[in-house]
Amino acid sequence: MGLLTQIATLPLAPVRGVAWVIERVVETAENEYYDPAPVERELAELERALLAGDIDEETFDRREDQLLDRLDEISAHVQGTDT
């Protein structure tokens, strides 16, 4: 970028800064949303609750299906971004 271009676009610097911050926030939110660790922890806790008798088999099956669907979504996202 030339000096004249930098001077001419200087008023846009705050906008570019805000856009950069928004991109980082979105990136961080996506990383957290697509992190499989919390889902895996919840699956383990769900199994412990079933074995302890805190929940019945039907509740376990329903919630397990939801969590496994979530893991499939995460896996599909990760495979989509790696290619």
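The legends below describe close-up views of a predicted model.

**View 1. A nonpolar patch on the surface is formed by Leu-3, Leu-4 and Ile-7.** Together, these three residues have about 370 Å² of accessible area. Ile-7 has its place in helix 1, which covers residues 3-9, and Ile-7 counts as exposed because its relative accessibility is 53%, where the cut-off for exposed is over 50%.

**View 2. Arg-24 and Glu-27 form a salt bridge in which the closest N and O atoms are 3.5 Å apart.** The two residues are separated by about one helical turn, because they stand three residues apart in helix 2 (residues 13-33). Arg-24 is partly exposed at a relative accessible area of 29%, and Glu-27 is likewise partly exposed, at 41%.

**View 3. A salt bridge of 2.4 Å, N to O, joins the side chains of Arg-63 and Glu-42.** Arg-63 belongs to helix 4 (residues 57-82) and Glu-42 to helix 3 (residues 37-52), so this pair ties together parts that lie 21 residues apart in sequence. Arg-63 counts as partly exposed at 27% relative accessibility, as does Glu-42 at 35%.

**View 4. Glu-58 pairs with Arg-62 in a salt bridge whose closest N and O atoms are 3.9 Å apart.** Glu-58 counts as exposed at 56% relative accessibility, whereas Arg-62 is partly exposed, with a relative accessible area of 45%.

Technical notes: Residues numbered from 1 in each chain as written. Predicted model: local features only at pLDDT ≥ 70, side-chain atom pairs only at ≥ 80, totals over all residues. Heavy atoms only, no water. Patch = residues over 30% accessible without salt bridge, like charges linked within 9 Å, V, L, I, M, F, W, Y side chains within 5 Å. Areas by Shrake-Rupley, 256 points an atom, 1.4 Å probe, with all protein chains shown as cover. Salt bridge = Lys/Arg side-chain N within 4 Å of Asp/Glu carboxyl O. Helix = DSSP H or I, 4+ residues; strand = E, 2+ residues; numbered from the N terminus. Buried < 20%, exposed > 50% of the residue type's maximum accessible area, 1.4 Å probe, protein only.
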